[in-house]
Amino acid sequence: MGKFSGYLICSDCDGTLTDNKKRVSKENGEAIKYFQENGGLFTVASGRFPHYALNYKNRFTPNTYVIACNGSVLYDLKADKAVFVSSMGERAKLFLSDLMAERKEISEICATGSSRPVFRFARNKEEITDFYTRQQIFLPTVNTREEVEYIFRKYKEPVARYIIISKEEDVKGNIDYCEKHYAEKYGLKFAQSFPLGFEAQNIESGKGEMIDKIRELIPEIHTAVAVGDNFNDLSLFEHSDISYAVNNAPDAVKAQADRVTVSNEEHAIAAVIRDLEKNL
């Protein structure tokens, strides 16, 4: 038992936990360890794959389930297995066929499973930088429903979510179109997670929904705290008891948080933990 027993902090990664060079500061790392040593549970809620959290092990290691793939996956790093995966099933192919036929603005799509990409393709054959490895690669081209059918015959792993990429100026229009035409039809929801793209996933999944699942698994949690910086963190805010937006978040995101803390360049997680301790 400790002063933070019963507290769970779920933090977004890029732009929240990490600075602009994607590093966890010494101050944040020390604060997280202090929080954990005094009974608190700390984890990350990210659009990245679950094992990405191990990149921070020089500073800290999550001491509860990791929320990964934008809330499509809940993962136990210690046991190295998924606790929950929200698979799209047959809807994954149907939605993708519609999207590629109707939205020519889409330039690239990555489908992900529980811990890795299932497949990736581009609208046009060209060399691009891989979203995950940052290496230059060639992707297969997909432009027709027949080519979508081929992709699904070739790759058998269930799809948990899509990362959908276009020009930055087209992202909002693509999200609006998807919400109007596909949300109810396929039981999906859509949220922007970085400037060039957005994500599609099951309506019942999401970062905040995974907070609820963690609380089911660990009923001793009495206070869930969310920290984020982007629109895909809003479900975290909705499902937490206390929500913090970092100061570098868009104004529309900050308006939805209970509190606004310092920016990701000013050790935001350390500031949140100090604030929680002050109000114990």
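**Exercise 1.** Determine which residues Val44 is in contact with, leaving aside its neighbours within four places in sequence.

*Solution.* Contact means heavy atoms within 4.5 Å. With those neighbours left aside, the partners of Val44 are Ser11, Cys13, Leu17, Ala53, Tyr56, Phe60, Val66 and Ile67.

The structure is a predicted model, in which local features need pLDDT of at least 70 and side-chain atom pairs count only at pLDDT 80 or more, while totals for chains, interfaces and linings use all residues. Residues are numbered from 1 along each chain as its sequence is written, and side-chain values use heavy atoms, with hydrogens and water left out.

**Exercise 2.** State which residues touch the most other members of the largest nonpolar core.

*Solution.* A nonpolar core is a set of buried Ala, Val, Leu, Ile, Met, Phe, Trp, Tyr and Cys residues joined through side-chain atoms within 4.5 Å; buried means under 20% relative accessible area (1.4 Å probe, protein chains only). The largest core has 52 residues, and Leu17, Phe42 and Val44 touch the most other members. Helix H10 (residues 268-278) gives this core its largest share, six residues. Helices (H or I, at least four residues) and strands (E, at least two) are DSSP runs, numbered from the N terminus.

**Exercise 3.** Explain why strand S12 is described as largely enclosed by the rest of the structure.

*Solution.* Six of the six residues of S12 (residues 197-202) are buried, so the strand is largely enclosed. Two strands pair if DSSP finds at least two bridges between them. S12 pairs antiparallel with S10 (residues 161-165) over five bridges, and six bridges join S12 to S11 (residues 188-194), also antiparallel. Glu199 in S12 stands opposite Ile163 and is the bridge partner of Ala191.

Notes:
Buried < 20%, exposed > 50% of the residue type's maximum accessible area, 1.4 Å probe, protein only.
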